[in-house]
Amino acid sequence: MNQEIDRLIENNRTWAAEMERARPGFFAHLAQQQSPAYLWIGCADSRVPANEIVGLEPGELFVHRNIANLVYHADINLLSVLQFAVDVLKVRHVIVCGHYGCSGVRAALHDERLGVAEHWIRPVRDLCECHHEELAALPTETERVDRLCEINAIRQADNLCCSPIIRDAWNRGQPLAVHTWVYGLKDGLVRTLRPPRRGA
Ligand code: CO
């Protein structure tokens, strides 16, 4: 048990030393301020590590993750992150990134018992019902899950675009693009699901 966690502390010491050796003053500089150009909204899944996927360093990506990358209009956590990112940090890009093989999406498709998370993913369940015909026409289970992952990412990005925080930013002419992506666990690649939205 202790070894499991000791390894992390050791990793941290090595990482910090390597960063500092490669770029002296890196942490001291970063401690002064952050000015990321991007906000990432993605799934909490451990296989979808935001910074690594897009090759960004500490200070470059503001991140919010939850199960199945949902954007709820009443989620005070997400709204706080979004408002801070848009109004204070003035990020220029918001990326909503779903991923294929998402367990939350799969659970919604199968109406699985999940405890509290079952309530959380209810909007994905609703999406299954809205897109029932399209999903049912797909030949395999994997394809149905993956298509629902895409549909979900698109819906969540739409929810984001409808939010007063984004609409107000666009109304005052703030440069801000909303991107809709899906990430492939099997190949490590991001796909763009549609062109970015840059205004209402
Ligand atoms: Co997921």
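Tutor: Helices (H or I, at least four residues) and strands (E, at least two) are DSSP runs, numbered from the N terminus. This is a predicted model, in which local features need pLDDT of at least 70 and side-chain atom pairs count only at pLDDT 80 or more, while totals for chains, interfaces and linings use all residues. Residues are numbered from 1 along each chain as its sequence is written, and side-chain values use heavy atoms, with hydrogens and water left out.

The helix itself comes next. Helix α4 comprises 13 residues (76-88), and at 1.5 Å a residue it should span 18 Å; the C-alpha atoms at its ends are 17 Å apart, which agrees. The expected span is 1.5 Å times one less than the number of residues. Leu 78, Val 81, Leu 82, Ala 85 and Val 86 of α4 are buried, where buried means under 20% relative accessible area, exposed over 50%, and partly exposed in between (1.4 Å probe, protein chains only). These residues lie on the same side of α4, because they cover an arc of only 115° around the axis; the arc is that of the directions from the helix axis to the C-beta atoms. An α-helix has 3.6 residues a turn, so residues three or four places apart point the same way. Ile 76 and Val 88 are exposed, and they sit on the face of α4 turned away from its buried side.

Both ends deserve a remark. At the start of α4, the backbone nitrogen of Asn 77 has a side-chain oxygen of Asp 75 within 3.0 Å. After α4 comes Lys 90, with a positive phi near 55°.

Asn 66 counts as buried because its relative accessibility is 9%. Leaving aside neighbours within four places in sequence, Asn 66 is in contact (heavy atoms within 4.5 Å) with Gly 42, Cys 43, Ala 44, Asp 75 and Trp 120.

The buried side may now be set in the wider interior. A nonpolar core is a set of buried Ala, Val, Leu, Ile, Met, Phe, Trp, Tyr and Cys residues joined through side-chain atoms within 4.5 Å. The largest such core has 22 residues, and those with the most contacts inside it are Leu 39, Val 94, Leu 160, Ile 166, Leu 176 and Val 178. At least two residues of this core come from each of β1, α4, β3 (93-99), α9 and α10. With five residues, α4 gives the most to this core. Apart from it lies another core, of 19 residues, including Val 124, Leu 135, Val 145 and Ile 151.

One residue ties these elements together. Beyond neighbours within four places in sequence, the contacts of Leu 176 include Val 86, Val 94, Ile 166 and Trp 170.

Finally, the whole chain: it has 10 helices and five strands, and 38% of its 200 residues are buried. Of the contacts in the chain with a separation of 6 or more, 63% are between residues 24 or more positions apart.

Technical notes. A polar contact is a pair of N or O atoms within 3.5 Å; within protein, one must be able to donate a hydrogen and the other to accept it, and residues adjacent in sequence count only if both atoms are side-chain atoms.
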